[in-house]
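Subject: Structure handover: salt bridges

Hi,

Here is the structure we talked about. Please open it and keep it beside this email as you read.

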Amino acid sequence: MNVGILGAGGIACEMAKTICRMEGTELYAVASRSLEKAEDFAGQYQIPKAYGSYEEMAEDLAVDLVYVATPHSHHYEHVKLCLEHGRNVLCEKAFMVNSIQAREMVRLAQEKGLLLAEAIWTRYMPSRTLIREAVDSGIIGEVTSLTANLGYVVKHKERLIRSSLGGGALLDLGVYPVNFALMVFGDDYEEVSADAVLSEEGVDLQNSITLKWKDGRMAVLHSNMQVLTDRRGVIYGDKGYIVVENINNCQSICAYDLDRRLLKEYEIPKQITGYEYEVEACKRAIEEGAAECKEMPHIHSVAVMELLDKVRRIVGITYACE
């Protein structure tokens, strides 16, 4: 499978490093708005093709999958460009800026018979199955609540402080606690409440989200772009609790009893970077002629965007790029 990378920023570098070490997948092309930047990127990762415009790469029939690695504000435009040129797409999270854009791109992909997948890597990792199996095993009894957080000191980054780029903690960091909660409890929550601290430009510096399910289960979620948090996800039951270290890229999963004694530690498989799982999922889906990856089907990508839309309405976040 030939992969083309659209965008040549930091996340694109991580994906390039990953694909270079994968079997059965070739890093075939890179596109940037600057040919010089594309050529520098191509030279760094031994990529055969370098394009100075996104459209040129989208027109290359040898590209089997395009990885869209541009800011949130441009996902809609760039995914649409690729789909309209007949390219399968793996789009970096957050999937789009809002659910309207998400539904439109899903419709276009299905209409074209092309793969469209969201690159929310935690949905594709083996740790997702391990967490699910641990909860379902009953090792911590009946589960009624969870907490999850993610925070980094990234308030200086241009793409995070600009409303015109879909900035703020919610789309960049908040998607991880949200996805963690929905993977454990499902997306059939009944109530959502939220609060946030907004910057002068109107993007959220930090936020808090509480989800409540019909049966009384609750998830309390936090993301913050001003501080470093412990990145933990904790799932609570009446016989103990499960601690997931680093919900962004799981490092360990441990179950404890009511006396806080370790009951079981679940082994995390070795990985290249963690990005390989989403690429492998896309390869399988393309070979099967599927329009979506079973690990993150369209209905779930849209559901996450709908939840983020609700949070934005509650706390008053609007983006200049909409």
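Below are some notes on its salt bridges.

This is a predicted model, where local features need pLDDT of at least 70, side-chain atom pairs count only at pLDDT 80 or more, and totals for chains, interfaces and linings use all residues. Residues are numbered from 1 along each chain as its sequence is written, and side-chain values use heavy atoms, with hydrogens and water left out.

Side chains of opposite charge can pair when their charged atoms come close. A salt bridge here is a side-chain nitrogen of Lys or Arg within 4 Å of a carboxyl oxygen of Asp or Glu. The search of the whole structure finds 17 of them.

Start with Asp172 and Arg159. Their side chains form a salt bridge at 2.5 Å, N to O. Asp172 sits in helix α8 (residues 169-185) and Arg159 in helix α7 (residues 158-161), so the pair ties together parts that are 13 residues apart in sequence. Helices are DSSP runs (H or I, at least four residues), numbered from the N terminus. Lys93 joins in too: Lys93, Arg159 and Asp172 are linked in a network of salt bridges.

Next, accessibility. Buried means under 20% relative accessible area, exposed over 50%, and partly exposed in between (1.4 Å probe, protein chains only). Asp172 is buried at 8%. Arg159 is partly exposed at 35%.

Two other pairs:

- Asp259 and Arg261 bridge at 3.3 Å between the closest N and O atoms. Asp259 is exposed at 55%, and Arg261 is exposed at 51%.
- Lys294 and Glu295 bridge at 3.3 Å, N to O. Lys294 is exposed at 70%, whereas Glu295 is buried at 13%.

Best wishes

Terms used:
Helices (H or I, at least four residues) and strands (E, at least two) are DSSP runs, numbered from the N terminus.
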